[in-house]
Amino acid sequence: MWQPATERLQHFQTMLKTKLNVLTLRKEPLPTVIFHEPEAIELCSTTPLMKKSTHNGYKVTYLGKVNISGTQFLSGCTESAVVGLWDRRALAQEDHLPANSILEIRPFQVRLHHLDGRGEASLNMDTYQVARIAYCSADHCASPNVFAWIYREINDDLSFQMDCHAVECESKLEAKKLAHSMMEAFRKTFHSMRSDGRIHKSGSTDEFATDDSAPDDSTPEEDG
């Protein structure tokens, strides 16, 4: 049917409005804020926010390490090494050295996070594999606050040496807690390695020794 141009235009406009209405109803709701004020844009920082890293561990003062001989380590085997490191500390002629590290003991790895000038953990970190730690001890004669461990260091020529590392904790209780944490890490590492077949079932946890001057089934007691 022929229609005047004016009627065809009106019909076309009506259809267009109908389609636009349908499209509008299907659109997702607009966000509450569409535009930002110029001042707000200028004040926004373009530097991404960095999350501050946190570590579960104890603040300690790393005293250093001493090379020791032998492969079998019994109770008291770290005493002489700790005395030497403690005497070296005394040369600083300070009653108390500030904590310079955070010692974090995990099931398979021990991490020593070094602190920066602001006392926060830096990216500088030393790691020690729990499977290569032969012995650890607390409650030493030189100081009850010292925690020490003997680590088997592998050299570039595949030879190895035994080093005794020591840290000074803030209290005797914290040194004992580190010894108990290390004992628990030994157990988890041993059971995992045995499950993977890296240790035969005939092996025993005697490979890993701890000495915190307390029975294995005891818990650290608060200092009086």
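Tutor: In this predicted model, a residue is termed buried when its relative accessible area is under 20%.

Student: What percentage of the residues in the protein chain are buried?

Tutor: The cut-off for burial is under 20% relative accessible area. The protein chain has 224 residues, and the share of them that is buried is 30%.

Student: In what order do the helices and strands run from the N terminus on?

Tutor: The protein chain holds four helices and eight strands. From the N terminus on, these elements follow the order α-α-β-α-β-β-β-β-β-β-α-β.

Student: Which element gives the largest share of the largest nonpolar core?

Tutor: This core has 21 residues, and those touching the most other members are Leu103, Val110, Ile133, Phe147, Trp149 and Met182. Two or more residues each come from strand 2 (101-105), strand 3 (109-115), strand 5 (133-138), strand 6 (146-154) and helix 4 (172-195). The largest share, six residues, is that of helix 4.

Student: How many residues does the second, separate core have?

Tutor: Among its members are Phe73, Ala81, Trp86 and Tyr135. The size of this second core is 15 residues.

Student: Which residues from Ala175 on does Phe147 touch?

Tutor: Residues up to four places away in sequence are not counted here. Contacts of Phe147 include Leu103, Cys136 and His165. From Ala175 on, the residues touched by Phe147 are Ala175, Leu178, Ala179 and Met182.

Student: What share of the accessible surface belongs to carbon and sulfur atoms?

Tutor: The accessible surface of the protein chain totals about 15,600 Å². The part belonging to carbon and sulfur atoms is 54%.

Note on methods: Residues are numbered from 1 along each chain as its sequence is written. This is a predicted model: local features need pLDDT of at least 70, side-chain atom pairs count only at pLDDT 80 or more; totals for chains, interfaces and linings use all residues. Side-chain values use heavy atoms; hydrogens and water are left out. A nonpolar core is a set of buried Ala, Val, Leu, Ile, Met, Phe, Trp, Tyr and Cys residues joined through side-chain atoms within 4.5 Å. Buried means under 20% relative accessible area, exposed over 50%, partly exposed in between (1.4 Å probe, protein chains only). Contact means heavy atoms within 4.5 Å. Accessible areas come from the Shrake-Rupley method with a 1.4 Å probe; for residues, only the protein chains shown count as cover.
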